[in-house]
Amino acid sequence: MTEPLLVDRTDAVVTLTLNRPTAMNSLDVALKEALRDALAELETDRSCRAVVLAGAGGSFSAGQDLREHVQTLESADADPLGTVRAHYNPIAARLANLPKPVVAAVRGMAAGAGASLAFLADFRIGGPKTRFLMAFAGVGLAADTGASWTLPRLVGHAKAVELLMLAEPVGAEDACRLGLLTRLVDDDEQVLPTAQELAARLAAGPTVAYGAIKRQLSIADAGTLADALAAEAQAQAICGGTADHRAATMAFVNKQKPVFEGR
């Protein structure tokens, strides 16, 4: 049986590949559970210092597996959208709060919950064939997998309304211009290598500080200035006590290149 999620480790970078290429990496229960559980393990895995999220074949992910969803709708299930609470919400929370950088290699189509997964990453790399489609309204649904939170922060409220309600595809160049992509490469074959190269660079950096920065921004997005200042004080107290901070400060004073160990 083919594994729905491939986990590859190269030094301190873990690449998670959605592995249903014949179904455009659509998200069935097996894949959602595998991704949810893998992210839970990586939260406390000190050997992992950066994560790449990718899709097998020519697509990132088409979102929810609608064939499986039709079966759920036609069954006696009293909660056909229970997957939101059981799978999509935990996945979104773990991706957003993962205390290490996440890079999405968005090759080809990213639709619905697939696009939402990409938006939860800290960085998104795309190529000429990259497309985003907020497909939810097209099947009579609202947004999920954190899109109602991430999308306005990436493109602004008005554009988020447009993308979610009109459900029109966004091509690679427009996605880069809007901020849906961090970087657009010239060749689709280079999307994953570029994402992994960036992840390796981040993995060699001050990953404790990166995790603190992610928490700061999350708090500041939803809070007041006082909330942000309190979060900054807490983060600096944590980062200031790390071996990385002490070593990097000494390296700076001695005009040397710092070496970060993530502790």
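The angle between two helices is taken between their N-to-C directions and runs from 0 to 180 degrees, with each axis being a line fitted to C-alpha atoms over the stretch in contact. In this predicted model, that description applies to helix 9, residues 207–222, and helix 10, residues 225–240, which pack at an angle of about 170° with their axes 9 Å apart. Because angles over 145 degrees count as roughly antiparallel, helix 9 and helix 10 are roughly antiparallel to each other.

| Helix | Residues in the contact |
|---|---|
| Helix 9 | V208, A209, A212, R215, Q216, I219 and A220 |
| Helix 10 | D227, A228, A231, E232, A235, I238 and C239 |

Sorted by class, the contact of helix 9 with helix 10 comprises 10 nonpolar residues, 1 polar residue and 3 charged residues.

Turning to the whole chain, the protein contains 11 helices and 8 strands. Its radius of gyration is 19 Å, close to the 18 Å that the globule rule gives for 263 residues, so the protein is as compact as a globular protein of that length. Along the principal axes, the C-alpha atoms of the protein fill a box of roughly 65 × 40 × 35 Å.

Among contacts between residues at least 6 apart in sequence, 69% join residues that are at least 24 apart. As for burial, 44% of the 263 residues count as buried, while the protein exposes about 13,400 Å², of which carbon and sulfur atoms supply 55%.

Key. Residues numbered from 1 in each chain as written. Predicted model: local features only at pLDDT ≥ 70, side-chain atom pairs only at ≥ 80, totals over all residues. Heavy atoms only, no water. Helix = DSSP H or I, 4+ residues; strand = E, 2+ residues; numbered from the N terminus. Parallel < 35°, antiparallel > 145°, perpendicular 65-115°, else oblique. Contact = heavy atoms within 4.5 Å. Nonpolar A, V, L, I, M, F, W, Y, C, P; charged D, E, K, R; others polar. Rg over C-alpha atoms; globule rule 2.2 N^0.38 Å. Buried < 20%, exposed > 50% of the residue type's maximum accessible area, 1.4 Å probe, protein only. Areas by Shrake-Rupley, 256 points an atom, 1.4 Å probe, with all protein chains shown as cover.
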